[in-house]
Amino acid sequence: MLQTFRDAWKIPEIRKKMIFTLLMLLVYRVGSAIPVPFMNKALIAEVFNRNQTNLLSFMDLMAGGNFSKYTIFAANIYPYITASIVLQLLTVALPSLEALSKEGEIGRKKIAKYTRYLAVALALVQAIGYTFGIFRRAVTAVGPLENATIILSIVAGTSFLIWIGELITEKGIGNGISLIIFAGIVSRFPLDIINSTKMVLAGRSSWVFLLLFVFVALAIIVIVVAMNEGERRIPVQYAKRVVGRKMYGGQSTHIPIKVLMSGVMPIIFANSIVAIPATIATFKPSSSFAGFVTRWFSPQGGPGIWLYSIVTVLLIIFFTFFYTTIQFNTVEYSKNLQQNGGFIPGIRPGRSTSDYLNRTVNRLVFPGAIVLSFLAVIPYFLTKASGMHFNFGGTSMIIVVGVILETARIIEQQMLMRHYRGFLK
């Protein structure tokens, strides 16, 4: 993988895309230092210090540390991810949106526009909940104009991140939204390592737990890499046909089916869904509902860690199948094979091929989804047992490793396309 990055850096056009991506991520990190106006930062820090054991730490992790600092990126990119989930589910449920998604580039642009509108609306709701809910004591604004400035600062920050993410996807390297989440999580690693080491040196935790976390993190890296690289190749044979005096077809190829075809998106989607109750609870943090969420539906709650983990596992499995179905439509694939004279040896073209591909994909994806989901929740229990707040376990490591592998794969594809273009010239 490092060799791939080095080779890509030597190619001028790919190097420009890589530099552009790094500059956009730098802009994101610079923006993470811009605080929201008319907010008392000391009182915000007090809220976090007083509630270290509740779900605020998880929300801060998902916001890349911007939530605890209450910067303009406090809501981060997650309103956009939630909007994407809603639109994708509605695309399956509503015939009008399904027809729009099949209209090619024009349809995709319209759906992307609807997603942006919904994301801005969700960011507005979150900004109001954060400001006048959990951090209402920290508000120093006087009058409606200053209050509106606070809300608009957060909404504008999320809108800016959406623009940066789409710009990276279009002109840079990799998926812009995933890279923004990646940058936010990675920025927390050094501080978490230092704090965890200080806890051990102060005698507040054990070296055994620290070494166990390191071992689990390394195991997660190895397993995620193995699942990302693992694939099953289904053989495909193309029938021979004669056109004029020439014979076409007859070659053999294969269909590569990845174990983790959906990448890290199921993890991101699942975390966005399970964070919804916590987001609603921020409107009234002293209410009975907020107490219920903290106790019964958060990794820090005594009984709540079990319910939270079970729901997370189920959502990851669901979104793994859902996202794989969207990416790999077995019916369309079967039709394309049949139209081009291709067939799987021993399987009849048409419906039989579609059913065979569907069974194969399900059998391959299901174990991957199970492993992925359990890797995501195991560190919750280690954190609960040790009392150490590790942000580089489970979900974070899967997202970081998955984004790196996905970006490396995109770079390889762009290098391959460049070589083909050079050959054709």
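**Figure 1. Phe73 and its ring partner in the predicted model.** Phe73 counts as buried in this predicted model, because its relative accessibility of 1% falls under the 20% cut-off. A search of the whole structure finds 10 aromatic pairs. In one of them, the ring centres of Phe73 and Phe160 are 6.3 Å apart and the ring planes lie at 5 degrees, so the pair is stacked. The two partners come from distant parts of the chain, 87 residues apart: Phe73 belongs to the loop between helix 5 and helix 6, and Phe160 to helix 9. Phe160 has 31% relative accessibility and therefore counts as partly exposed. Ring pairs join Phe73 and Phe160 with Tyr28 and Trp163 in a cluster.

Figure 2. An α-helix has 3.6 residues a turn, so residues three or four places apart point the same way. Phe319 and Phe322 are both buried.

**Figure 3. The crossing of helix 9 and helix 10.** Helix 9 (residues 144–171) and helix 10 (residues 176–186) have axes that come within 7 Å and cross at roughly 120 degrees. The two helices are therefore oblique to each other. On the helix 9 side, the contact is made by Leu161, Ile164, Gly165, Ile168 and Thr169; these meet Gly176, Ile177, Leu179 and Ile180 of helix 10. Classified by residue type, this contact has six nonpolar and three polar residues, with no charged residues.

**Figure 4. Positive phi angles at Phe38 and Asn76.** Phe38 is not a glycine, yet its phi is positive, at about 60 degrees. Phe38 sits in the loop between helix 2 (12–31) and helix 3 (41–50), and is partly exposed, with a relative accessible area of 31%. Asn76, likewise not a glycine, has a positive phi of about 55 degrees. The loop between helix 5 (66–69) and helix 6 (78–93) contains Asn76, which is buried at a relative accessible area of 2%.

**Figure 5. The span and buried residues of helix 12.** Helix 12 (residues 207–229) comprises 23 residues. From its first C-alpha to its last, helix 12 reaches 33 Å, close to the 33 Å expected at 1.5 Å a residue. Its buried residues are Leu210, Phe213, Val216, Ala217, Ile220, Val224, Met227 and Asn228.

Methods: Residues numbered from 1 in each chain as written. Predicted model: local features only at pLDDT ≥ 70, side-chain atom pairs only at ≥ 80, totals over all residues. Heavy atoms only, no water. Axes fitted to C-alpha atoms, helices over the stretch in contact; angles between N-to-C directions. Helix = DSSP H or I, 4+ residues; strand = E, 2+ residues; numbered from the N terminus. Parallel < 35°, antiparallel > 145°, perpendicular 65-115°, else oblique. Contact = heavy atoms within 4.5 Å. Nonpolar A, V, L, I, M, F, W, Y, C, P; charged D, E, K, R; others polar. Buried < 20%, exposed > 50% of the residue type's maximum accessible area, 1.4 Å probe, protein only. Expected span 1.5 Å × (residues − 1). Phe/Tyr/Trp six-rings, centres within 6.5 Å; stacked < 30°, edge-to-face > 60°.
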